[in-house]
Amino acid sequence: VTAAYSVEPDIGVAIDVTPAGDVPKCDPPLPVKVGKGPAVKVKDAYSISTPVVRDGLVAAAKRAGVAFQYEVLPYGGTDAGAMMSSRGGVPSGTLSIPCRYVHSPVETVSLKDMEDSVALLKAYVEEIVE
């Protein structure tokens, strides 16, 4: 919250992990899967991604040739919630890396999902900077 207030960004993109649903006894069932690409968040408990940011991340994934997933998380949140409520509001969204066993000593992600997240974010930043 403090950083977003101080920096006064034009756009905010939170980068975080998100729980993957491809684990035994996942409750509630979550559609995001490890190895199927980064997830572009639609909403979580603290934010609804600004359409221009969400759609920009989707377009960047397509430009970069990166498979992606949509994410709707019924709980939790990311720094996007703090960014979008800073000052008069900052257009914000989240790029998530699917992760099994979040917040445990055995968190598991796909290296390809991580690399694809970097490629997607790079394509997004290159587009908005021009």
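This is a predicted model: local features need pLDDT of at least 70, side-chain atom pairs count only at pLDDT 80 or more; totals for chains, interfaces and linings use all residues.
Biologist: Which residues are linked with Lys 41 in a network of salt bridges?

Modeller: Side chains of opposite charge can pair when their charged atoms come close. Lys 41 takes part in a salt bridge with Asp 44, where the closest N and O atoms are 3.4 Å apart, and in another with Glu 71, where the closest N and O atoms are 2.9 Å apart. The residues linked with Lys 41 in the network are therefore Asp 44 and Glu 71.

Biologist: How many residues apart in sequence are the parts that the pair of Glu 71 and Lys 41 ties together?

Modeller: The salt bridge between Glu 71 and Lys 41 has its closest N and O atoms 2.9 Å apart. Glu 71 belongs to strand S3, while Lys 41 belongs to strand S2 (residues 39-43), so the parts that this pair ties together are separated in sequence by 30 residues.

Biologist: Does Asp 44 count as buried or exposed?

Modeller: The cut-off for a buried residue is a relative accessible area under 20%. Lys 41, the salt-bridge partner of Asp 44, has a relative accessibility of 2% and counts as buried. Asp 44 also has a relative accessibility of 2%, so Asp 44 counts as buried.

Biologist: Which residue forms a salt bridge with Asp 55?

Modeller: The structure holds eight salt bridges, and one of them involves Asp 55. Asp 55 has a relative accessibility of 41% and therefore counts as partly exposed. With a separation of 3.0 Å from N to O, the side chain that meets Asp 55 in this salt bridge is that of Arg 54.

Biologist: Which strands each supply at least two residues of the lining of the largest cavity?

Modeller: Rolling a probe the size of a water molecule over the atoms shows where empty space is left. The largest cavity holds about 30 Å³ of space, and its lining includes Thr 18, Pro 19, Glu 71 and Val 72. By class, this lining has six nonpolar, one polar and one charged residues. The strands that each supply at least two of its residues are S1 (12-19) and S3 (69-72).

Biologist: Which strand gives the largest share of the lining of the largest pocket?

Modeller: The largest pocket has about 170 Å³ of space and is lined by 13 residues, with Val 17, Pro 19, Leu 73, Val 102 and His 103 lying nearest its centre. Five of the lining residues are nonpolar, five are polar and three are charged. The largest share of this lining amounts to four residues, and the strand that gives it is S1.

Biologist: Which helix holds Ile 128, a residue of the nonpolar surface patch?

Modeller: The patch of about 320 Å² is made by Ile 11, Val 125, Ile 128 and Val 129. A patch residue must have over 30% relative accessible area, and Ile 128, at 40%, is partly exposed. The helix in which Ile 128 is found, covering residues 111-129, is H4.

Biologist: What distance separates the C-alpha atoms of Val 53 and Tyr 124?

Modeller: Val 53 is part of helix H2 (residues 51-64) and counts as buried, because its relative accessibility is 1%. Although Val 53 and Tyr 124 are 71 residues apart along the chain, the distance between their C-alpha atoms is 9.2 Å.

How values were computed:
Residues are numbered from 1 along each chain as its sequence is written. Side-chain values use heavy atoms; hydrogens and water are left out. Patches are made of residues with over 30% relative accessible area and no salt bridge: like charges are joined within 9 Å, nonpolar side chains (Val, Leu, Ile, Met, Phe, Trp, Tyr) within 5 Å. Accessible areas come from the Shrake-Rupley method with a 1.4 Å probe; for residues, only the protein chains shown count as cover. A salt bridge is a side-chain nitrogen of Lys or Arg within 4 Å of a carboxyl oxygen of Asp or Glu. Buried means under 20% relative accessible area, exposed over 50%, partly exposed in between (1.4 Å probe, protein chains only). On a 1 Å grid over the protein atoms alone, a cavity is a set of points where a 1.4 Å probe fits but cannot get out, and a pocket is an open set with protein on both sides within 12 Å along at least five of seven lines; lining residues have an atom within 4 Å of a point. Grid points are joined across faces, edges and corners, and a volume is the space filled by probe spheres set on the points. Ala, Val, Leu, Ile, Met, Phe, Trp, Tyr, Cys and Pro count as nonpolar, Asp, Glu, Lys and Arg as charged, and the others, Gly among them, as polar.
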